[in-house]
Amino acid sequence: MYRALRARRGLQWPGEPLRSSRSSRRCYVTDVELDKARQYCAAQLRQSDYNSYIIRNLLPKSRQDAYDALRAFNLELVRLPELVSNPTIGQLRMQFWRDAVNNTFAGKPPKEPIMILLSKVISELAERGGTPSSIKFWLLRLIKTREKYMDNRPFTSLASLEEYAENTYSTLMYSNLAAFSIQSMHVDHLASHIGKACGIVAVLRGIPFLAAPSPPVKSPAGASVSSGRNPVLLLPLDVMAETGLIEEDVYRHGPRADGFQDAVFKVATRANDHLITAREMLKNLHAGQGPGHEYEHHGEEQHEYPSIAPEDDDTKRDLRRGFSVLLEGVPAADYLTRLEAQNFDPFTVKSSWKLPWRLWRAIKTERI
């Protein structure tokens with residue numbers, strides 16, 4: 001009878017500390033669950049974020065799990081506003097992901113494929129002596145920012161759009177660097193500029209979709225439960241005022257609205273400026289010089305770096321190790337090139353068959 005009771009409580013020998021069977025079940029992930037989690041995350045990228053899917057296939061296999069988990073997590077947050085019928089449900093879903101992240105870093109991942117794969121990444125990082133808490137910090141900041149902008153509120157200025165991009169796309173790149181155990185002020189600085197460019201490009205790419213009303217939200221039975229999302233234009237308000245663009249004109253006339261392409265040009269120029277800055281930094285750092293300007297986030301939480309003597313400077317090594325994270329700048333640059341070719345009309349920009357080749361060339365030359 002004693003042995004039967006002990007077996008039901010977790011197959012523990014007498015004298016060992018007991019843990020609840022519920023906790024044990026939550027901590028244990030089978031190989032089958034892990035394989036399914038990998039397949040799920042990769043499938044999500046292939047279906048809904050193809051640029052990231054191309055990048056992940058160019059990464060070393062040892063880095064694919066971290067990349068897939070983090071990008072799939074971001075994808076869940078990005079599309080959340082389109083999948084819920086009211087803000088309250090959206091907030092509950094955001095809280096679900098916040099709790100999932102906290103539980104996963106506490107060693108109790110929920111039975112959710114992204115968190116299952118993330119738990120494996122965390123475990124391996126801890127075994128290598130890395131700092132999983134850094135990833136947690138960035139993911140919670142990503143949730144906080146996505147939740148704040150879940151209602152598609154307008155950006156009051158181009159600077160506020162850059163702040164949003166820093167707290168989303170740059171933050172996502174920081175989390176990848178943390179997962180790869182790369183702590184370098186110069187690599188973070190590059191990720192900041194490239195992430196801001198990616199965030200601005202994401203807003204431009206979303207214009208044709210968000211400026212049109214969404215279809216009604218339907219229940220599983222097919223009944224309409226909500227009228228869907230109203231159209232929204234996320235170009236910064238100061239840029240719209242400067243170019244004389246009226247939001248309602250875009251809803252009525254699309255790219256033919258007065259001032260529309262001028263406004264897109266100004267916003268796209270800022271994204272391109274960040275990419276130009278990142279390229280100049282890479283050139284300087286490869287030549288053994290300084291980046292050319294100070295890192296504006298130096299000293300902030302998770303951006304604190306130990307002082308390094310010149311003879312111990314490993315910048316070039318860090319650039320080699322972290323360059324795969326910086327590849328996000330290649331699809332952003334590719335989109336801006338195609339946008340310029342269409343006279344800054346996002347409604348007519350088509351996908352690019354050249355992107356895989358451009359990514360391959362970037363890897364070979366370590367240039368974005």
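Biologist: What should I know about the model before we start?

Modeller: This is a predicted model, where local features need pLDDT of at least 70, side-chain atom pairs count only at pLDDT 80 or more, and totals for chains, interfaces and linings use all residues. Residues are numbered from 1 along each chain as its sequence is written, and side-chain values use heavy atoms, with hydrogens and water left out.

Biologist: OK, how do α4 and α16 cross?

Modeller: The axes of α4 (residues 50–58) and α16 come within 11 Å and cross at roughly 40°. Helices here are DSSP runs of H or I with at least four residues, numbered from the N terminus. Axes are lines fitted to C-alpha atoms, for helices over the stretch in contact, with angles running from 0 to 180 degrees between N-to-C directions.

Biologist: Which residues make the contact?

Modeller: From α4 you have Asn51, Ile54, Ile55 and Leu58, and from α16 Leu355, Pro356, Leu359, Trp360 and Ile363. Contact means heavy atoms within 4.5 Å. By class, the contact of α4 with α16 has eight nonpolar residues, one polar and no charged. Ala, Val, Leu, Ile, Met, Phe, Trp, Tyr, Cys and Pro count as nonpolar, Asp, Glu, Lys and Arg as charged, and the others, Gly among them, as polar.

Biologist: And what angle do α15 and α16 make?

Modeller: About 130°, with the axes of α15 and α16 10 Å apart. The two helices α15 and α16 are therefore oblique to each other. Val330, Pro331 and Asp334 of α15 meet Leu355, Arg358, Leu359 and Ala362 of α16. That contact of α15 with α16 splits into five nonpolar, no polar and two charged residues.

Biologist: Switching to the loop: where is Asn343?

Modeller: Asparagine 343 sits in the loop between α15 (329–341) and α16 (355–365). Asparagine 343 has a positive phi of about 55° although it is not a glycine. Phenylalanine 344 is in the loop between α15 and α16 too, with a positive phi of about 60°, and is not a glycine either.

Biologist: Is Phe344 buried or exposed?

Modeller: Phenylalanine 344 is buried, at a relative accessible area of 16%. Buried means under 20%, exposed over 50% and partly exposed in between, with a 1.4 Å probe and protein chains only.

Biologist: Last one, where is Arg252?

Modeller: Arginine 252 lies in helix α12 (residues 247–253). Arginine 252 is exposed, with a relative accessible area of 60%.

How values were computed. Parallel < 35°, antiparallel > 145°, perpendicular 65-115°, else oblique.
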